[in-house]
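Dear colleague,

Please find the structure below, handed over for your study. My findings follow it.

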Amino acid sequence: MLQMCVCVCVCVCVFSMEECEALCTRMAIMVNGQFKCLGSIQHLKSRFGDGYTLIIRVCADQADLCTVETFVRDTFPGSTLKEKHHNTLQYQIPQGEGALAHIFSQLSKHQQLLHVEDYSVSQTTLDQVFVSFAQQQRDEEDGAFENDVDLNDEIQTSAT
């Protein structure tokens, strides 16, 4: 019995990461005409993302942000304060073994003491991954391109 294998590839150039997440099973990001990464959306977020984004909103009438800032700095080493507005703080927390469970357990344990109205934890977005690569963009006159594509940890698929 003769089997035919038909492989189809569609290359779409988009500027909206939401479109990529909706349409693509795998994607690549190019910088200065060279591929910098290739993989599934989740693979790119996990490998090239900056961990987790934590947004904490403190009760407006009891907004003591200094206490919350100290708590986050002491409880989540390596965390970076990205934004601070009125009663809201946004942090970037490094990814690590058990980090997500640790974040939720510590915040739920200290929520009332810190007067935290609500909080959210999310994975680095595809937009943030793209922006980190876009920062590598250089004019051709600037010279050398860096960061060769590393496909060593890609899962090989075979046609059946």
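Of the 160 residues in the protein, 29% are buried, where buried means under 20% relative accessible area, exposed over 50%, and partly exposed in between, with a 1.4 Å probe and protein chains only. Please note that this is a predicted model, in which local features need pLDDT of at least 70 and side-chain atom pairs count only at pLDDT 80 or more, while totals for chains, interfaces and linings use all residues. Residues are numbered from 1 along each chain as its sequence is written, and side-chain values use heavy atoms, with hydrogens and water left out.

The protein has five helices and six strands; these are DSSP runs, helices being H or I of at least four residues and strands E of at least two, numbered from the N terminus. Read from the N terminus on, the order of elements is α-β-β-α-β-α-β-β-α-β-α. Among the contacts with a separation of 6 or more, 64% join residues 24 or more positions apart, a contact being heavy atoms within 4.5 Å. The protein exposes about 11,100 Å², of which carbon and sulfur atoms supply 52%; the areas come from the Shrake-Rupley method with a 1.4 Å probe, and for residues only the protein chains shown count as cover.

I turn next to the largest pocket. Its volume is about 900 Å³. The elements that give two or more residues to its lining are α1 (17–23), β1 (27–31) and β2 (34–39). The lining of the largest pocket comprises 24 residues, with V10, V12, R26, M27 and A28 nearest its centre. By class, 21 of the lining residues are nonpolar, one is polar and two are charged. Here Ala, Val, Leu, Ile, Met, Phe, Trp, Tyr, Cys and Pro count as nonpolar, Asp, Glu, Lys and Arg as charged, and the others, Gly among them, as polar. On a 1 Å grid over the protein atoms alone, a pocket is an open set of points where a 1.4 Å probe fits, with protein on both sides within 12 Å along at least five of seven lines, and lining residues have an atom within 4 Å of a point. Points are joined across faces, edges and corners, and the volume is the space filled by probe spheres set on them.

T53 belongs to strand β3 (residues 52–58) and is buried, at 5% relative accessible area. Its side chain makes a polar contact of 3.4 Å with the side chain of Q92; such a contact is a pair of N or O atoms within 3.5 Å, where within protein one must be able to donate a hydrogen and the other to accept it, and residues adjacent in sequence count only if both atoms are side-chain atoms. Beyond four places in sequence, T53 touches residues including Y91, S120 and Q128.

E83, in strand β4 (residues 80–85), is partly exposed at 36% relative accessibility. The side chains of E83 and H85 make a polar contact of 3.2 Å.

Which residues other than glycine have a positive phi? H86, in the loop between β4 and β5 (88–93), has a phi of about 40°, and H115, in the loop between α4 (99–110) and β6 (116–123), has one near 60°. Most residues other than glycine have a negative phi. H86 is exposed at 67%, whereas H115 is partly exposed at 33%.

With kind regards
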